[in-house]
Amino acid sequence: MNVKIISWNVRGLNEQDKRFRVRNLIRKWGPDVVCLQETKMGLINRAVIRSLWGGQHVDWSYLGSCGASGGVLVMWDTRVVNKLEEAVGRFSVSCKFTSVSDQFVWAFTGVYGPNLHRDRRLLWEELCGLNS
């Protein structure tokens, strides 16, 4: 398994120009899996994904933002990995993948951590499975 992963705090994707710049860097870097934190977007649809990824061989999972903060988007090249399962929490997006080339099963979690102490405790509980 040789999967190229990029994780990036983009500090907002609402502006079309920002998505264009992110798309150009994704093309330049050529990742198989991309995690974008702090999208600041409540809804992410196919048009947004197309503006970021460009190609047709993409799937995604996301946690919408709460107001103008947070949001996690995980996108992947379906020619390289297939999603087996996903879990969207209060602060995270987790995906269980299998690699197309060798069927290796692995997991990825993208997190956008809160700033308030109270919410950080909730994040810790979520990641440790204490509130399941």
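Visitor: What makes Phe97 count as buried or exposed?

Guide: Phe97 has a relative accessible area of 0%, and buried means under 20% relative accessible area, exposed over 50% and partly exposed in between, with a 1.4 Å probe and protein chains only, so Phe97 is buried. This is a predicted model, in which local features need pLDDT of at least 70, side-chain atom pairs count only at pLDDT 80 or more, and totals for chains, interfaces and linings use all residues. Residues are numbered from 1 along each chain as its sequence is written, and side-chain values use heavy atoms, with hydrogens and water left out.

Visitor: Why is the pair of Trp76 and Phe97 called edge-to-face?

Guide: Rings of Phe, Tyr and Trp (its six-membered ring) pair if their centres lie within 6.5 Å, and planes under 30 degrees apart count as stacked, over 60 as edge-to-face and the rest as tilted. For Trp76 and Phe97 the centres are 5.1 Å apart with 70° between the planes, so the pair is edge-to-face.

Visitor: What does this pair tie together?

Guide: Trp76 lies in strand β4 (residues 72-77) and Phe97 in strand β6 (residues 92-99), so the pair links parts that are 21 residues apart in sequence; strands (E, at least two residues) are DSSP runs, numbered from the N terminus.

Visitor: Why is the pair of Phe97 and Trp106 called tilted?

Guide: Phe97 and Trp106 lie 4.9 Å centre to centre with 40° between the planes, an angle that is neither stacked nor edge-to-face, so tilted is the word. Trp76, Phe97 and Trp106 form one aromatic cluster.

Note on methods. Helix = DSSP H or I, 4+ residues; strand = E, 2+ residues; numbered from the N terminus.
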